[in-house]
Every structure is written in structure tokens, then in C-alpha cells.
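Before looking at the packing, please inspect the model below, and then work through the questions that follow it.

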Amino acid sequence: FAAHTDEFFTTARVEPQQPARHLTKNLNQKIGQIKADTLHMGNLSLDEYLQAPESYSQSFVVVHRGEVVYEQYPRMQSGDSHVWMSAAKITASLLVDLLIEEGRINEDQPIGDYLPAFRGTPTADVPIKDVLAMSTGLNTEENDASRSNPDSIVIRMFLAEFGMPYQGRVESLIDVLRSAKLSSQPGESFQYSSATTQLLVLLAEAVEAKPWQDIFAERVWAKLGVEQAIQLHQSPDGIVAAHGLISSTLRDL
């Protein structure tokens, strides 16, 4: 799945828009000799860890002062795209931050001011700054309890993104997010949540009046001098799952 995510989801490909700025390579073999205690495999060097079947490591790159000083691909090719998982969350907050800088979003306003579909729900009253900080107070926190609860917002969101039924019906992603309730006051505490990241995706789309993949292509990917396309994987209703389902080469990441 990790290296073939585009085979499971509708995927928008964003191609490079300018010549690639290739990282120079100046390998330092001493990096691979650094040893550390692992949780289950004893004391191993980095080289040994990456080659050990138990590690499941796909690839590993170290960049120092603009140069690649260590690079290994034990279980994938350097040109393969691999899913970012939650490292992708920075893409959603980055776009919203750019819109805040331009004065098109006021982070002190409630998100419902920008998302009419959420008006009348508890989510509508959450300040945007608390969405950015993952302190919404909504019952969308992602932890061991919610991941093991088949009725949680977390599990229902993942089912919706995979096009899988909840209680006999495939829900839309927005309907799942609209059903969130307050469990505490916004701003009180940090609550890690992929569902919160998806609110930022919808916010950027509402302000720009265009699909998230087009916004990201224009504002970010076109400006980086990347080597290859990025893959933006979508739910069945066409929303990029920017909380984790983004794939690229490791160098482009």
C-alpha cells in the first residue's frame, strides 16, 4: 500500500513546473556506522538497521547544509513514490497560513464564517487559530481509544475516505466532519486529529474557490524545483486527504 497508494484512491498528479534543483551528493559513510539501541533488535548501526527485515524500512535520506550526506533505499527505488502519512499535515496548514498572511483569512474568526456547510454545527464556532493548533475541543481526537471505537469520528472519517460503509452506508467526508460534537472548550488543550487537518483543506478550498490540489499546485509544488510529480490521493467525493494520503519520492519530500 505505502508505495502503491495511487492504486487504491482516485489521485491527482501534480507535475513539476520548472527545472529540477537537484540536491548535490556528498556521502559520509560514518553516518551509517552510528549505533543506537533499538526497541526489539538490540544495538545496531544505522546500516544494519535499514537492512534488517524486522525494521521494514523503505528508505532513509540525511540532508546536511543542502547536500545529501546519506542515502539508502533498502525496499524501494529512489524514483518510487511513497505515502507521506501524517508528515503531509504541514501542507494543509501551509496553505491556510499563506492565506492568513495575505489577509484573506482572519485566524481569530470562527471557521463557520468561511464554511457555510458547517453553520449550525459546533464546528462552526471554533476559531480558525484553534483549528490550526489542533485545539478545537471537538470529539475528533485521534488516539488509541478512538482508533479502536468503530463509531468514532476518526474511524468513520477513514471509512468515508476509503469508500467503505459505516452501518451499511458510505458516508461523505463532509457529513462525517459535520457530525462532530464539542467535548471541551476550544483552545483548552491539544487534540491530535486528522479530521482537524481536513477542516483546513475545506477552508482553503472555500476561500480560493477551487479544488485543493489546484491551490497546492500553484502555490507550492510549482515553486519548489522538484524532480517528479506529487500524488494527491482523494476520498470518493473528491477531497484530498491531506492529513496523510500524499505521495512523492523521498528527495522531493
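**Helices, cores and strands**

Q: Which elements do the buried residues of α8 pack against?
A: Helix α8, residues 212-219, is mostly covered, since six of its eight residues are buried, where buried means under 20% relative accessible area, exposed over 50% and partly exposed in between, with a 1.4 Å probe and protein chains only. Helices (H or I, at least four residues) and strands (E, at least two) are DSSP runs numbered from the N terminus, and contact means heavy atoms within 4.5 Å. The buried residues, among them Trp212, Ile215 and Phe216, pack against β1 (10-14), α2 (89-101), α7, β8 and β9 (246-248).

Q: At which pLDDT do side-chain atom pairs count in this predicted model?
A: Residues are numbered from 1 along each chain as its sequence is written, and side-chain values use heavy atoms, with hydrogens and water left out. The model is predicted, so totals for chains, interfaces and linings use all residues, whereas local features need pLDDT of at least 70 and side-chain atom pairs count only at pLDDT 80 or more.

Q: Why is α5 described as largely enclosed, and what covers its buried residues?
A: Seven of the nine residues of α5 (residues 153-161) are buried, so this helix is largely enclosed by the rest of the structure. The buried residues are Ile153, Val154, Arg156, Met157, Leu159, Ala160 and Glu161. Their cover includes α4 (144-147), α6 (173-178), α7 (194-208) and β8 (230-234).

Q: Which residues is Leu203 in contact with, leaving aside its neighbours within four places in sequence?
A: Leu203 is among the residues with the most contacts inside the largest core. With neighbours within four places in sequence set aside, its contacts are Val96, Ile105, Ile111, Tyr114, Leu115 and Ile128.

Q: How far apart are the end C-alpha atoms of α2?
A: The expected span of a helix is 1.5 Å times one less than its number of residues. For the 13 residues of α2 this should be 18 Å, which agrees with the end C-alpha atoms lying apart by 19 Å.

Q: Which strands are the edges of the open sheet of three strands?
A: Two strands pair if DSSP finds at least two bridges between them, and this sheet has the order β2-β6-β5 with mixed pairing. Two bridges join β2 to β6 (residues 67-72), running parallel, and Thr24 stands opposite Glu67 in β6. Pairing on one side only, the edge strands are β2 (24-25) and β5 (60-64).

Q: What is the relative accessibility of Met85?
A: Met85 lies in the loop between β7 (82-83) and α2, and its phi, near 55 degrees, is a positive value in a residue other than glycine. Met85 counts as partly exposed, because its relative accessibility is 46%.

Key: A nonpolar core is a set of buried Ala, Val, Leu, Ile, Met, Phe, Trp, Tyr and Cys residues joined through side-chain atoms within 4.5 Å.
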